[in-house]
Structures are given as structure tokens and as C-alpha cells.
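Visitor: I'd like to learn how to read a protein model. Could you walk me through one, step by step?

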Amino acid sequence: MTTTAATPTPATPTPAPTATDATGARSAEAAGVITDARERIDALDDRILGLVQERMAVSAVVQKARIGSGGRRVHLSREMEILGRYRDALGRPGTSLAMTLLELCRGTV
């Protein structure tokens, strides 16, 4: 039995990525719409992050005042109000979002 060396296959050049590759779109028009929408989403996310950070700072003020007056760091009935508000506005996923937000805002006063 004889063995022969395999003949190397010439490399196929990889095409340069296109805008549609980065967006998953199948047309340049759709890629443009997606790119524009993603820019808006990124701007909204920046605003949301800023608001969450602001909320965290305000929550720290509330907690400091509550603890300073002899109260507890967490006020459960208030947290239940917030959970209900998010659930009513966003449905079941709103509860998870509110829980995460509350966890972030509890801090370590």
C-alpha cells in the first residue's frame, strides 16, 4: 500500500465584511436602518445608565437619613410599591428589572 501526500488546496480569499454582515441584515437599506437604530439604542442606554447612577445616589441619601433616624436600611413596603409599579408598566419582566434596580440602589450605606 502506498501513501501519497495530499495536495494542498489553494486558499480562497475571504471577502471583506460588509455593513450587512455587521448588522445581520440582507440588504444595504436594512443595514442602514439597523445601524441608525443601534446608535439611538446606544444613546438611550447611556441615558438609562446615567439615570440609574442618579437613582443610586438619591437612594443613598434616603438610606442615610432613614438609618440616621434609627430606621432600617431597607423599607420593604416601599420596595413592594416599586415592584408593583414596574410590573404594572412592563409586565412580568418588569418585576425582574425592578429587583435588579433595587439591589443596585440598596448600596452599602
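Guide: Let's start with a term: a residue counts as buried when its relative accessible area is under 20%, and as exposed when that area is over 50%, with partly exposed in between. Keep in mind that this is a predicted model.

Visitor: What percentage of the residues of the chain count as buried?

Guide: Here 15% of the 109 residues count as buried. As for the surface, the chain exposes about 9,100 Å², and carbon and sulfur atoms supply 60% of that area.

Visitor: How many helices and how many strands does the chain have?

Guide: You'll find four helices and zero strands. Walking from the N terminus, you read the elements as α-α-α-α.

Visitor: What share of the contacts with a separation of 6 or more comes from residues 24 or more positions apart?

Guide: That share is 38% in this chain.

Visitor: Now the helices. How are two packed helices described?

Guide: Two packed helices are described by the angle between their axes and the distance between those axes.

Visitor: Which residues of α2 and α4 meet?

Guide: On the α2 side look for V52, R55, M56, S59 and Q63, which meet L101, L102, L104, C105 and R106 of α4. Sorted by class, the residues of this contact are six nonpolar, two polar and two charged.

Visitor: At what angle do α3 and α4 pack?

Guide: Helix α3, residues 76-90, packs with α4 at an angle of about 145°, and the axes are 7 Å apart. This crossing is right-handed too. From α3, the residues E79, I82, L83, Y86, R87 and L90 take part, and among their partners in α4 are P93, L97, A98, L101, L102 and R106. The contact of α3 with α4 has 10 nonpolar, two polar and four charged residues.

Visitor: Let's zoom in on E79. Is this residue buried or exposed?

Guide: Compare its area with the cut-off: E79 has a relative accessible area of 11%, and buried means under 20%, so E79 is buried. You'll find E79 in helix α3. Setting aside residues up to four places away in sequence, E79 touches V74, L102 and R106.

Visitor: And where is R73 found?

Guide: R73 is in the loop between α2 and α3. Its relative accessible area is 34%, so R73 is partly exposed. Look at R73 and Q63: they are 10 residues apart in sequence, and their C-alpha atoms are 5.4 Å apart in space.

Visitor: Where does G107 lie?

Guide: G107 lies in the segment after α4. With a relative accessible area of 38%, G107 is partly exposed. Leaving out neighbours within four places in sequence, G107 is in contact with Q63 and R73. Also check G107 against S59: these two are 48 residues apart in sequence and 8.2 Å apart in space, C-alpha to C-alpha.

Technical notes. Residues are numbered from 1 along each chain as its sequence is written. This is a predicted model: local features need pLDDT of at least 70, side-chain atom pairs count only at pLDDT 80 or more; totals for chains, interfaces and linings use all residues. Side-chain values use heavy atoms; hydrogens and water are left out. Helices (H or I, at least four residues) and strands (E, at least two) are DSSP runs, numbered from the N terminus. Buried means under 20% relative accessible area, exposed over 50%, partly exposed in between (1.4 Å probe, protein chains only). Contact means heavy atoms within 4.5 Å. Accessible areas come from the Shrake-Rupley method with a 1.4 Å probe; for residues, only the protein chains shown count as cover. Ala, Val, Leu, Ile, Met, Phe, Trp, Tyr, Cys and Pro count as nonpolar, Asp, Glu, Lys and Arg as charged, and the others, Gly among them, as polar. Axes are lines fitted to C-alpha atoms, for helices over the stretch in contact, and angles run from 0 to 180 degrees between N-to-C directions. A crossing is left-handed if the near helix is turned anticlockwise from the far one by less than a right angle, and right-handed if clockwise.
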